[in-house]
Amino acid sequence: MGFDFNSLLAFIIFGVTIGVVYGIVALGISLIYSGLDIVHFAHGEMYMFGAFFGLVLAHNVGVPYPVALIGAMILTAILGMLVERVFYRRLTRAGGGYTVAGMGMIICGFGMSVALVNAAYFFFGAEAEPFRANLDYIPRLTFPGDINVPESYVLTAIISVLLMAGLHYFLRHTKTGLAVRAVAHNKDIAYLMGINVPLMISLIFGLACGLAAAAGVLIGPMQSVQVEMGYLMLMKAFAAAVVGGFGSLPGAILGGIMVGIFENLGAAYISASHKDIYAFLLLILVLMFRPSGLFGVEAKVKA
Amino acid sequence: MVFLSRIADLIDALASRHRLLPWLIAYVMLLPLPFIMSTFFNSYLIDLANRACLFILLAVGLNIVKGFCGQVTVGHIGLYAIGAVTSAVLSLEPGGFGGALGFGLPVWVSIPIAILVTAFAGLIVGLPSVRLEGAYLALATLGLGESVRIFIAVTPALGSSTGLMMIPAPSIGSFVFDSFTSYYYLVMTAALVGIYFSFSILRSATGRAFQAIREDTIAASVNGINVIKYKLLAFVLSAIYAGLAGALFAHMPPGYLHHNNFTVIEMVTLLLMVVLGGIGNVWGGVIGAIVVTIAYDQTKDLVVYFMDRPIVVQPLVFGLSMVLLVLFMPRGIGGWFEGVLRNRRFIKRSEEKLGGTARNSQS
């Protein structure tokens, strides 16, 4: 197989698009981590639930795709807040971070992840369902060298940028966003400043789960929607978050794009059947040699 | 409660004669178990007991790194997989079914090699622990463990989708460990020796170093403990347990191995054992392993029909019970039992000092 510049470009373009979706999930994980000092192991399931909510809204209720996207985000945000309020609050109150409660949180999230996957079987069944979305109004992009980018990929790129811009605006330029950042910085002092900390924690969880849901609905038309899909996404999002520097929001997106490109190039030039391992490989390499992430973001370490 | 204390007293009395005496008695008591099971119940229970023994080895091994040394690892099942597949591939005849590798080594050679390979893999899994803590370490180990399974699942030489078949059983002379009953003696001995060594480790200087690292890494290093060395040692020790359990699992009748045996569900089952038993408590881990193995077996065919869909409820139950255990019983069965024993010993010691008056204050 000779080296073909056009196909390399195509792999990179598709890698970036899928990577942005990893980045959005990683954004949620980073948000929860920087806000609550916990690593949410059940975040992949939020992504899966989001995809299914979107699917049900688009197919069974019959709303247009953008409405399904927003609806799924809201529903998943509510689900996430419920899970956090009912199960995690007891542990987060005991202090997250690397305490004994931190180990409990990891095990708890792990258990929650398995429980949510299997709860999803009750509602959505075990079959992989295709997500049919009418996307004719989106232009199909053609890059030089006859690289056709399907509508769903274009849409993903646009919506991802909008979501990131929205999150950035919310965190940097609104009063509630300031409160969220204060809670992330120090909960005790945030209390003293009159911030409703429990509410902000719910809000952080809701935002993160909403982002995961958006990723799920975006990836639906590219792949089919399936109950088991959360786990691999979680691993890749973790890889993305770690590569970009855990807890850093811009790093999460950059990390996601890197994971996407790395994975696509690996699948193209090394072995396609080992595709899912490359993200882990990147994760482990980065963790071993540069735990603070590739972009030199200072990792938030709490004793 | 009183019954438990009586047993503890008895064990203490026996151990004061010779420290191996309680273990020998336990071993002798466990010998006729397969015959009791097959006469009064059915012989399927023996298979269950074998699997319980393997999970005891795994849980006790996981406890070393997690409970003694306080390192969060969730990739333990990957080590188990490495041990199982290595031993299976080494002992299989060359040119096996479906392009599986085979080296045709005797089983008694393949098992130690598998343990060595797993110990080395444990060293690699442990390497991130030198630089990472808590959540980061969990991520790294999860990634490693899961990539092992995916690698097995997509590599035909390791029996990708069909699994490895006809894995030979170990034998001594003409006696072959190819039935549930004969294999029981192999795994039961291994489990008991494993538990014993786990206690030896806990009580040795190494075990104290592990605990010091768990309580406070910086304080431990200030006190002259080589933190890196002991962290890696904890990972290697637990990998040896996992490798032994995996190798024994591979050669267990019917000698069949599939990568579905190493999924996240197995990892959750293993974590549930350790959490139910109480993290850091050896006997807790053993009890957790037995209870969860039985529960796993009893619930694995449990199907609920919801909107005309058959749904296996077991993972849901296991996941939820793990969440609830962490929330409401963070120290597990072992922690509770330890509390009872400590109270009792405290009362006993006070009695000796005060001359029997302390008994009136407890009831």
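Two residues are taken to be in contact when their C-beta atoms, placed from the backbone, lie within 7 Å. The structure on display is a predicted model, in which local features need pLDDT of at least 70, side-chain atom pairs count only at pLDDT 80 or more, and totals for chains, interfaces and linings use all residues. Residues are numbered from 1 along each chain as its sequence is written, while chains are lettered from A and ligands numbered from 1 in the order in which they are written.

**Stop 1: chain A**

Select chain A and colour by secondary structure. Helices (H or I, at least four residues) and strands (E, at least two) are DSSP runs, numbered from the N terminus. Chain A has 11 helices and two strands, and the order of its elements from the N terminus is α-α-α-α-β-β-α-α-α-α-α-α-α. Of the contacts in chain A with a separation of 6 or more, 73% are between residues 24 or more positions apart.

A residue is buried if 20 or more other C-beta atoms lie within 10 Å of its own, exposed if 12 or fewer, and partly exposed in between, again with C-beta atoms placed from the backbone. By this criterion, 52% of the 303 residues in chain A are buried.

**Stop 2: confidence in chain A**

Next, colour by pLDDT, the predictor's confidence in each residue, from 0 to 100. Chain A has a mean pLDDT of 81, with 88% of its residues at 70 or more. Within chain A, confidence is highest in helix α8 (residues 197–219), at 90, and lowest in strand β1 (residues 141–143), at a mean of 69. Then select residues 96–101 of chain A, where the pLDDT is below 50; this stretch has 15 contacts in the model beyond near neighbours in sequence. Residues 299–303 of chain A also have a pLDDT below 50, and that stretch has 11 contacts beyond near neighbours in sequence.

**Stop 3: A:Pro250**

Select A:Pro250, which is found in helix α10 (residues 249–269) of chain A. A:Pro250 counts as partly exposed because it has 16 C-beta neighbours inside 10 Å.

**Stop 4: the nonpolar core**

A nonpolar core is a set of buried Ala, Val, Leu, Ile, Met, Phe, Trp, Tyr and Cys residues joined through C-beta atoms within 7 Å. The largest one has 213 residues, and those with the most contacts inside it are A:Ile204, A:Ala239, A:Leu283, B:Leu58 and B:Leu271. Helix α8(A) gives the largest share of this core, 16 residues. Domain 1 (45–262) and domain 2 (265–363) of chain B both contribute residues, so the core lies between them.

Centre the view on A:Ile204. Leaving aside residues up to four places away in sequence, A:Ile204 touches A:Leu31, A:Ile32, A:Gly35, A:Leu36 and A:Val180.

**Stop 5: chain B and its domains**

Move to chain B, which has 15 helices and four strands. Its radius of gyration, taken over C-alpha atoms, is 22 Å, close to the 21 Å that the globule rule gives for 363 residues, so chain B is as compact as a globular protein of that length; the rule is 2.2 Å times the number of residues to the power 0.38. The C-alpha trace of chain B spans about 75 × 55 × 55 Å along its principal axes.

Colour domain 1 (45–262) and domain 2 (265–363) of chain B separately; their bounds come from an automatic or database domain assignment. The centres of the two domains, taken over C-alpha atoms, are separated by 23 Å. Their contact takes 22 residues from domain 1 and 19 residues from domain 2 of chain B. On the domain 1 side, α4(B) supplies the largest share, 13 residues.

**Stop 6: the interface between the chains**

Finally, display both chains. Here 37 residues of chain B are in contact with 35 residues of chain A. On the chain B side, α7(B) gives the largest share, 13 residues. The residues on that side comprise 29 nonpolar, four polar and four charged, where Ala, Val, Leu, Ile, Met, Phe, Trp, Tyr, Cys and Pro count as nonpolar, Asp, Glu, Lys and Arg as charged, and the others, Gly among them, as polar. The predictor gives the complex an ipTM of 0.74 and a pTM of 0.80.
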